[in-house]
Amino acid sequence: MADHIVRAFDVDLEALSRGVAELGGLAESMTARAIEALVRQSPAMANEVIALDTKLDALQQELEEKAVLTIARRQPMAVDLRAVIAAIRVTHDLERIGDLAKNICKRVLAITGLVQAPKLVKGVEHLSQLVLTQLKDVLDAYVERNSEKALAVWEHDENIDALYTSLFRELLTYMMEDPRNIGVCAHLLFCAKNIERMGYHATNVAENVYYLVTGGKLLAERVKADMTSLEKPMSAK
Amino acid sequence: MVAATQQETQVPTARRWRGNAAVGALAATLLITGVLALSGAPFLLPALVGAIVIAVAALARPRAQRQMAAEMTLSQENVRAGIQAIVSGFADPVVVLDAQGNVTMFNAQAKAALPQLGIGRPLSFAVRSPEVVSAVERVLREGAVAETEFHEKVPVERSFEVRATPVRFDAAPAGATSSAIEIVMLFRDVTAARRLERMRVDFVANASHELRTPLASLYGFIETIEGPAKNDPAAQARFLAIMREQARRMSRLIDDLLSLSRIELKEHVHPTEDVRLDSVLSEVVDTLTPLALECRTKIVLEGANRVLVTGDRDELIRVFENLIENAVKYGQSGGRVDVALVDGERAASVTVRDYGPGIAPEHLPRLTERFYRVDVAESRQKGGTGLGLALVKHILNRHKARLLVRSELGAGASFEVVFPKPQGGESPGA
Ligand SMILES: Nc1ncnc2c1ncn2[C@@H]1O[C@H](COP(=O)(O)OP(=O)(O)OP(=O)(O)O)[C@@H](O)[C@H]1O
Ligand SMILES: [Mg+2]
C-alpha cells in the first residue's frame with residue numbers, strides 16, 4: 001500500500017520534470033527561431049515566435065499549478081521537496097526567456113528591411129550562440145540531475161558578458177560612423193541586451209539545478225566582466 | 001552482419017515451433033526487414049513492423065488457447081526480442097515508446113544522436129524539441145502516423161526528419177483487453193541536405209557582399225586607365241599592380257569561402273584518422289619559413305616528440321598554418337614566434353605565441369566570426385580576408401578541440417589549441 005503511494009508520487013515528480021524539460025525545449029526553440037528571424041530578416045518567422053509565447057505562458061502556469069498541487073497532496077520532504085521547488089523556479093526563468101525571445105521578434109518587425117550590412121547582426125548571432133549553448137547545457141544538466149554540468153554553465157556566464165561588452169562597443173562605433181545606422185543599431189543593442197538577459201536566466205536555472213541535486217547554493221559573489229555599465233558609453237572608441 | 005544476428009535470435013523460436021508454416025513467413029519477414037534496413041529504405045520499417053505484429057498475432061492466438069500462461073509470456077518475450085533485434089539492426093536512429101511517452105527500446109544509433117536517452121525515461125528528456133513532443137502527443141491522441149522535422153543549433157547544427165508510427169506489439173489472446181498502443185519513432189539525419197541548402201544561400205550572400213567593394217575599386221581603376229591615365233604609362237603600371245593584388249584577394253576570398261562551406265558541411269561528422277601533431281607542425285613551419293624570413297621573424301618550434309591525435313591531417317595543417325601565419329604577419333614587430341607542443345595525460349595542446357602588439361580584450365571574443373578583423377585596413381593590406389580564424393574554429397569544432405586566446409595590448413598574443421583525450425568522463429571547459 002505504502003509502495004503504491006510512493007509510486008504515485010514518483011509519477012507526479014516525473015511528470016513535473018518532463019513538463020519542465022518540454023517547457024525548456026519550447027524556450028530553446030523560440031530563442032533559436034527569434035535569432036533566425038533577426039538574421040534572415042523574416043517578419044513571418046518573428047510573428048510565429050510571438051504567437052508561441054502564449055503557449056509557453058499557458059504551459060508554465062499549468063506546471064506551476066501542478067507543482068503546488070504536488071506539495072499540497074504529497075507533502076514531499078528533502079530532495080523531493082527540492083525537486084518541486086526547483087521546478088517552480090526553473091519554469092519562471094524559462095518563461096522569462098520566452099518573453100525575451102518575443103521582445104527580440106518585436107524588434108525584428110521594426111527593423112525588417114533596414115539592416116543594410118550583414119556585419120551588423122553577426123555579433124548578435126554569435127552572442128546568441130553562446131546563450132543557446134548555455135541553455136542547452138543547463139537543460140541537459142536538469143534532466144541528468146548533473147550538478148557539475150550546472151556549475152560549468154554558471155561559470156561560463158563570463159564569456160557572455162565579455163562578448164556583450166565587445167558587441168556594445170562595436171554597435172556604438174557603427175552608430176557614430178554613419179548616423180543612418182543609429183535606428184537599426186539601437187534596436188540591435190536592445191536585442192543584444194535581451195540575449196544577455198537570457199544568459200542570466202540560464203545561470204539562474206543552473207543555480208536551481210545545483211540546489212536540486214546538492215541542496216547547496218551557488219551564491220559567492222560573481223566576478224562581472226561586463227564593463228559597459230561602468231563606463232560612459234561615449235568613451236568607447 | 002545484421003541480418004545474420006536476426007537470424008540467430010530467430011533460431012530457437014523456430015525450433016520450438018517447427019512445422020508451423022507461419023513461423024517461416026515470420027522469419028522471412030524479419031530477414032527482409034533487416035535487408036531493407038541495410039539497403040537504406042528508411043520509412044518502410046513501421047509498415048513491416050506492422051506486418052510482423054499481425055503475423056505474430058496470428059501465430060500466437062490459436063496457441064494461446066492451447067498453452068499455459070507461462071508459455072504465452074515466453075512467446076511474447078520472443079516477439080519483443082525479435083523486435084529489439086530489428087531495432088538494433090536499423091541503420092538510422094530508432095526509438096520505441098510506450099503509451100506514456102516513456103522509452104522502451106532504442107538502438108545504438110539513437111543513443112549516439114540523443115545521448116540523454118534512457119529506458120523508462122520520457123523521450124522529452126532526450127529530445128526537447130516542441131515539434132517532436134507534439135508529434136508524440138498527436139500519435140497518442142489520434143492513433144495515426146505523424147511526421148515532423150526538428151533542428152538543433154548548438155553545439156553543431158543538426159536536423160532530423162522524424163516519423164512516429166503507432167503500433168500494437170504484444171499479441172493479446174482473444175478476449176483479453178486490447179493491448180496498449182506503442183510508438184515507433186524513426187529519425188533520419190538530414191543535416192547534410194539542410195546544410196547544403198543553407199550553404200548555397202550563405203555563400204551567395206557572403207560572396208556578393210564581400211566582393212562588391214574590391215569589384216567597385218577594380219572598375220574605378222579601369223576607368224582611370226581608360227580616362228585620366230590614358231597616356232601615363234607609369235601610372236598605368238602602378239594601377240595594374242594594385243588591380244592584380246585586388247584580383248588575387250578576390251580569388252582568395254572565394255577559395256576561403258569555399259573551404260569554409262566544405263568544412264561546415266561535414267562539421268557534424270567527427271574525423272577518425274590518427275594524425276601525428278609533431279609532423280603536422282614541422283611541415284607547417286617549413287612552408288611558412290619564407291614568409292617568416294620576409295617578415296624578419298624567427299619561428300621556434302619546441303616540444304614533445306611524437307604526439308598522436310584523432311583528426312584530419314590536411315585540416316589540422318590549415319589550422320596551424322592560419323595561426324602561425326597570423327602570428328608572423330600581425331606579430332612581426334616581436335621578431336619571434338614560439339610554437340610549443342605539449343602532450344599531457346588529459347589533453348594534447350599546441351600554443352602559438354607571438355610578441356607583437358597583441359589584441360585588445362574587447363576583440364578577443366569576436367575573432368572567430370567570419371570577416372571580423374581588428375584593423376580592417378591593416379588586415380586587407382596584408383592580404384587577409386578575415387576568414388582564417390572562422391575556418392580554424394569550424395575545423396576545431398569538428399575535432400572537438402578548443403581554441404583559447406589570451407592577449408594583452410602591447411604584450412603579444414597566444415593562441416592555444418587543446419585536443420582533449422577521450423579517456424574518462426567529460427570535463428567542463430574553462
Ligand atoms: N597574432 C595576432 N596578433 C594580433 N592580431 C591578430 C593575431 N591573429 C589574428 N589577429 C587579428 O584577428 C583578425 C582575424 O584573423 P583571421 O586569421 O581570421 O583573418 P585575416 O588574417 O585577416 O585573414 P586570412 O586569415 O583569411 O588571411 C586579423 O585581421 C587580425 O586583426
Ligand atoms: Mg589569418
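Q: How many residue pairs are in polar contact between chain B and chain A?
A: Twelve, counting pairs with both residues at pLDDT 80 or more. Keep in mind that this is a predicted model.

Q: Which elements of chain B supply at least two residues each to the side that touches chain A?
A: Two helices of chain B do: α6 (130-142) and α7 (191-226).

Q: And which gives the most?
A: α7(B), with five residues on the side of chain B that touches chain A.

Q: What is that side made of, by class?
A: Twelve nonpolar, ten polar and twelve charged residues.

Q: OK, salt bridges. How many between chain B and chain A?
A: Six. One of them joins the side chains of K153(B) and E36(A), at 3.4 Å from N to O.

Q: How many residues are in contact across the two chains?
A: On chain B there are 34, and they are in contact with 35 residues of chain A.

Q: What about buried area between chain B and chain A?
A: About 2,900 Å². Carbon and sulfur atoms give 51% of that area.

Q: Which residues in chain B lose the most area to chain A?
A: R128(B), K153(B) and V154(B), which together make up 25% of what the chain B side buries. K153(B) is also the residue in the salt bridge with E36(A).

Q: Switching to ligand 1. How many residues surround ligand 1, and which are the closest?
A: There are 21. The closest are R252(B), Y330(B), S379(B), T385(B) and L389(B).

Q: What does the side chain of R252(B) do there, in terms of polar atoms?
A: An N or O atom of the R252(B) side chain is 2.7 Å from an oxygen atom of ligand 1.

Q: Which atom of ligand 1 does D354(B) approach?
A: A nitrogen atom, at 2.8 Å from a polar side-chain atom of D354(B).

Q: And G386(B), backbone or side chain?
A: Backbone: a polar backbone atom of G386(B) is 2.9 Å from an oxygen atom of ligand 1.

Q: How much of ligand 1 does the protein cover?
A: On its own, ligand 1 has 600 Å² of accessible area, and the protein covers 98% of it.

Q: Which elements give two or more residues to the shell around ligand 1?
A: In chain B, these are α8 (233-265), α10 (313-330) and α12 (388-398). α10(B) gives the most, with five residues.

Q: And the classes in the shell around ligand 1, what are the counts?
A: Nine residues are nonpolar, seven polar and five charged.

Notes. Residues are numbered from 1 along each chain as its sequence is written. Chains are lettered from A and ligands numbered from 1 in the order in which they are written. This is a predicted model: local features need pLDDT of at least 70, side-chain atom pairs count only at pLDDT 80 or more; totals for chains, interfaces and linings use all residues. Side-chain values use heavy atoms; hydrogens and water are left out. A residue is near a molecule or strand if one of its heavy atoms lies within 4 Å of it. A polar contact is a pair of N or O atoms within 3.5 Å; within protein, one must be able to donate a hydrogen and the other to accept it, and residues adjacent in sequence count only if both atoms are side-chain atoms. Accessible areas come from the Shrake-Rupley method with a 1.4 Å probe; for residues, only the protein chains shown count as cover. Helices (H or I, at least four residues) and strands (E, at least two) are DSSP runs, numbered from the N terminus. Ala, Val, Leu, Ile, Met, Phe, Trp, Tyr, Cys and Pro count as nonpolar, Asp, Glu, Lys and Arg as charged, and the others, Gly among them, as polar. Contact means heavy atoms within 4.5 Å. Buried area is the accessible area (1.4 Å probe) that two parts lose on being put together, summed over both. A salt bridge is a side-chain nitrogen of Lys or Arg within 4 Å of a carboxyl oxygen of Asp or Glu.
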